[in-house]
Amino acid sequence: MVKKHSLLILLVIILVGTLTQISTDIYTPSLPSITHLLRGSLGQAQLTMTWFMFGIAITNLLYGPLSEGIGRRWTIVIGNSLAIIGTLLCLTAHSIHALQEARLVQGLGLGASAALWRSIFRDTYSGKEMAKMGSYLTNVIILSVIIAPFLGGYFEQYLGWRSTFVFLFIWTILVTIIVLFFFKETGQHFGKHRLSLPFMCKAYGELLSSRVFMGFSLCVFLSYGSLFAWMTAGPVVLIHGAHIKPVLFGYLMILTGIAMALGGFANAKLVHKFGTAKLMTFGWSLMALAGALTLCGKILFGINVYDIIIPAMLFIFGTSFIFSNAVAGAFTPFGHIAGYAGSLYACIQLLGGVVFSAYLSHLNTSSQAPMAWMFIISGVTAFLAYRFMLKKHVAEQ
């Protein structure tokens, strides 16, 4: 019975954790056609992702405290209900600005899932066990990174971009039903008193004043920002710049998904031997190297599929050593306020995506050069932030 309950919790974590990722990635192959059919610019189409991520980021600060007051289950149900409405608005949008607004509403709802899957994970695991299970969980969740753009490529090429939102509408409803009827609350410290302003100020104050929590959060802000830069610019560079078909883009994303899965598997096997500090440093080094290789490819060969996708695989392999270790490092001391920790951490992480993608939307993303520079700058800066803010923590690894 205990084993069955544990598997059910793991299933919920996977479904809730992948919902936002799928909603982000599945329509990336459609960005060029959305630009054409809704008569906007590439920058405006990319801003639909920025507004989506902004909606998720800002509501994380609300859903975390709400989950401390009424529990994880009902908070996710409330958020997903708003996301269903936003998805329906996306499906019926007839202008690029209407799609931007609808994606914002969708993001405002999915902020609950984005924040609370980590909180549920922290409710269940801690410490190195959390880092290890996080790596294995990444290997499962990464299927969404592979499947979403793969499906999106077929939806775009054969059914049109609106079909992706039909799928998201149905999928979000199914996940919400599973959470509502089959998920047993994991939070052990929730109650209405935890929604009071003094408690909220104390909880967020504890997190904001923690050098460890903020250090890991800043590193993830930079790392996720560059990863989201790839998710935003990659489809445009490959489909619009290199002139490949959306379906081929979907197949290429399988390669990046494999790279991330291999990274997650390697991290799970190596974390106990080398520790999180060395593995995260290794990951940032690969991110910067991937950016340098992408720049070299642009200079030597122009916009070429192989000179983009191979460094991208190296970059994504490197990011796999960052996220599960950072979650374990940031969350372990804060099990008593896991909902608040999850919301603030996710907010900071996703704001990285907002900042990087908003900047990219104003550049010529038909070229891989801006994206390459973001790989380099984020990898180097995240490493320096880690060394500066977590020097004592690093010494203890």
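What follows is a short tour, from the overall layout down to single residues.

## Ground rules

This is a predicted model, so local features need pLDDT of at least 70 and side-chain atom pairs count only at pLDDT 80 or more, while totals for chains, interfaces and linings use all residues. Residues are numbered from 1 along each chain as its sequence is written, and side-chain values use heavy atoms, with hydrogens and water left out.

## The big picture

The protein chain has 15 helices and 0 strands. Both kinds of element are DSSP runs numbered from the N terminus: helices are H or I runs of at least four residues, and strands are E runs of at least two.

How much of the chain is buried? Of its 397 residues, 60% count as buried. Here buried means under 20% relative accessible area, exposed means over 50%, and partly exposed is in between (1.4 Å probe, protein chains only). The protein chain exposes about 15,700 Å², with carbon and sulfur atoms supplying 72% of that area; accessible areas come from the Shrake-Rupley method with a 1.4 Å probe, and for residues only the protein chains shown count as cover. As for contacts (heavy atoms within 4.5 Å), take those between residues at least 6 apart in sequence: 86% of them join residues at least 24 apart.

Helix H7 covers residues 162-182.

Which residues of H7 are buried? They are Ser 163, Thr 164, Phe 165, Leu 168, Thr 172, Val 175, Thr 176 and Val 179.

## Rings meeting rings

The structure holds 18 aromatic pairs. Rings of Phe, Tyr and Trp (its six-membered ring) pair if their centres lie within 6.5 Å; planes under 30 degrees apart count as stacked, over 60 as edge-to-face and the rest as tilted. One of the pairs is Trp 161 with Phe 165, edge-to-face at 6.0 Å centre to centre and 85 degrees between the planes. Trp 161 and Phe 165 are both buried.

Another pair is Tyr 224 with Phe 323: the ring centres are 6.4 Å apart and the planes sit at 75 degrees, so this pair is edge-to-face. It links distant parts of the chain, with Tyr 224 in helix H9 (residues 211-241) and Phe 323 in helix H12 (residues 323-331), 99 residues apart. Tyr 224 is buried at 7% relative accessible area, and Phe 323 counts as buried at 18%. Elsewhere, Phe 150, Tyr 154, Tyr 158 and Tyr 251 form one aromatic cluster.

## Arginines over rings

A charge sits over a ring if NZ of Lys or CZ of Arg is within 6 Å of the ring centre and within 35 degrees of the ring normal. The charged end of Arg 103 does this with the ring of Phe 52, 3.9 Å from its centre. The charged end of Arg 211 sits over the ring of Phe 388, 5.3 Å from the centre.

## Some buried spots

Thr 24 is found in helix H1 (residues 2-25) and is buried, with a relative accessible area of 2%. Its side chain reaches the backbone oxygen of Thr 20 at 2.8 Å. Setting aside neighbours within four places in sequence, Thr 24 is in contact with Met 49, Phe 52, Met 53, Arg 103, Phe 228 and Met 231.

Arg 72 lies in helix H4 (residues 72-91). Is Arg 72 buried or exposed? Arg 72 is buried, at 3% relative accessible area. The Arg 72 side chain makes a polar contact with the side chain of Ser 67 (3.1 Å). A polar contact is a pair of N or O atoms within 3.5 Å; within protein, one must be able to donate a hydrogen and the other to accept it, and residues adjacent in sequence count only if both atoms are side-chain atoms.

## Out in the loops

Arg 39 is found in the loop between helix H2 (31-37) and helix H3 (42-70). Arg 39 counts as exposed at 79% relative accessibility, and its phi is near 55 degrees, a positive value in a residue other than glycine.

How values were computed
The expected span of a helix is 1.5 Å times one less than its number of residues.
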